[in-house]
Amino acid sequence: MKVSTYKLLGFLFFFFFYHCQACPRYKFVVKEAPYTRLCSSKNILTVNDQFPGPTLYVNKGDTIVVDVYNRGNYNITIHWHGVKQPRNPWSDGPEYITQCPIQPGAKFRQKIIFTTEEGTLWWHAHSTWLRATVHGALIIYPKMGTGYPFPKPDVEIPIILGEWWQEDIMQVYLDLERYGGLGVNSDSYFINGQPGDLYPCSKPETLRLKVKRGLTYLLQIVNAILIDGLFFAIANHTVTVVGSDASYLKPFNRTFICISPGQTVDVLLEANQSPNHYYMAASVYTTALPGSYNNSTTTAIVEYNGNYTPSSPPMFPYLPEYNDTEASINFTASFRSLADKEHPIDVPMEINTHLFYTISLGSPCKNNSCPVGEQLRFIASVNNVSFLNPNIDILQAYYCCIQGVYGTNLPDFPQLFFDFIADYLPTEWEIPQLGTEVRVLDYNSTVELVFQATNLIKGSDHAMHLHGHSFYVVGLGLWNFDKDKDPLTYNLVDPPLQNTIHVPRDGWMAIRFKANNPGVWHLHCHIDRQMVWGMGTAFIVKDGESPEAKMLPPPPDMPPC
């Protein structure tokens, strides 16, 4: 039987792609392990018995292979947050979007392809709420022979901000999924797996960072929290922000930062204060309903080397109030790309695809339509469509032309324009449609997407994350977006390149990107409570004409549905 040249070349490319012998290889064993926090012990799901999980170190442009063995009790997937994975959505990881989960006892080999990313990203479980304990940092160094665009720090320290539930996290998730309410708040926040000495039974294990006066420390900060943004600061110290989401920024100084769920921020800390002990602390930023968030503070201690009598207790930093939207927005609005010869930007100037997505909270429980105990059920939507996960993954359905799994009717614009941020809105607008609707994009289309938060039910912040692409944040505001006036204020000179953004309550944010990565790519809120309620969708980016613009074939060990 004669084999066509095209099929033969495709087979050879497939073989070498998925059998990269020179690629560094890692083994992730997902299993339960006993951990003690807050005066009690329980089993949690971990990778390689570590919490947080292992930090991976690569260089810009590397490719690695990770073998994921599921020896736990639940289905799981692993997502490489912020890694574009060119033409390779098969290893992206979101459950029922690009793969079915890895079942207990099974294994899946993921190939992670790095391209332009440089700085700090992270990896995490992308199924149910297992990422509460299954996550870790991903540090991407500059290419060999190149360096940072700032003086090389003396020490680099990943800082992972997490949280802890005394209750079993799967039970917390299942209750939220069943009843649709606000769910159980976490019991503590963490810095590198430790809550700090403000919590019970935690003082001996409080994280202590030893520093030497005169040295500079690069803190690679990840917000791995499921629900909330955080304010973060170190007493008596100013940090210099130099990057976010694996993209460099024009340096600027702050006494605190604000970091959204899923986001990363790189800062330089100069150990330039008098030898002493100083608290590093993080506390919640949220505009959620009262009682629906954890209002505690996690701490670590920065300890200077030397012989001295430290302050007792250590000096504590200033952190804004939990709902200080101005402080949060002022921090985000300070982001500017380097946009220089060594770090050029490519902001789409001619837009051929305009999208306007309202992101809203609603409720299906009108006129006592929900069962007793479920009257506080919430539902979330994008352009009045609340996303439902299918029974098989969308990528498989798209690649194999399986009908009936998803629709392509997500509206480009809301069906109704109104005063989105008014204090009182008609209750009939709070009930969205349900469906698995996506948006299909032509290869290389240039997209402008405006996210508009609404005040239906209760206004809220949203941490919107796009898989498979980074995007330029060209505008934001704390009002209804004005299509005639607001684009005149866009920053098209040096906008930041991000993969996760904080859309403020009663506000909007505009992003631009080129859809040059064929495949299926999840777009969702990284506040996991809102994702459970349905705030998500996906982009299907069609193949281009050339072989280099076409999606790669699936690996042979894709998990079955």
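Helices (H or I, at least four residues) and strands (E, at least two) are DSSP runs here, numbered from the N terminus. This is a predicted model, where local features need pLDDT of at least 70 and side-chain atom pairs count only at pLDDT 80 or more, while totals for chains, interfaces and linings use all residues. Residues are numbered from 1 along each chain as its sequence is written, and side-chain values use heavy atoms, with hydrogens and water left out.

**View 1. Proline 364 sits in the loop between strand 20 (353-362) and strand 21 (379-382).** At 28% relative accessibility, proline 364 counts as partly exposed (buried is under 20% relative accessible area, exposed over 50%, partly exposed in between, using a 1.4 Å probe and protein chains only). Look for proline 432 too: it is 68 residues away along the chain, yet the C-alpha atoms of proline 364 and proline 432 are separated by 7.9 Å.

**View 2. Helix 2 (residues 169-179) and its buried residues.** The ones to pick out are Ile169, Met170, Val172, Tyr173 and Leu176. They cover an arc of only 160° around the axis, so they sit on the same side of helix 2; the arc is that of the directions from the helix axis to the C-beta atoms. Part of what covers these buried residues is helix 5 (528-533).

**View 3. Aspartate 528, in helix 5.** Setting aside neighbours within four places in sequence, aspartate 528 is in contact with Thr128, Trp129, Arg131 and Leu226 (contact means heavy atoms within 4.5 Å).

**View 4. Zooming back out to the protein, with five helices and 32 strands.** The radius of gyration is 23 Å, close to the 24 Å that the globule rule gives for 561 residues, so the protein is as compact as a globular protein of that length. That radius is taken over C-alpha atoms, and the rule is 2.2 Å times the number of residues to the power 0.38. Along the principal axes, the C-alpha atoms fill a box of roughly 80 × 60 × 50 Å. Buried residues make up 60% of the 561. Of the contacts between residues at least 6 apart in sequence, 80% join residues at least 24 apart.
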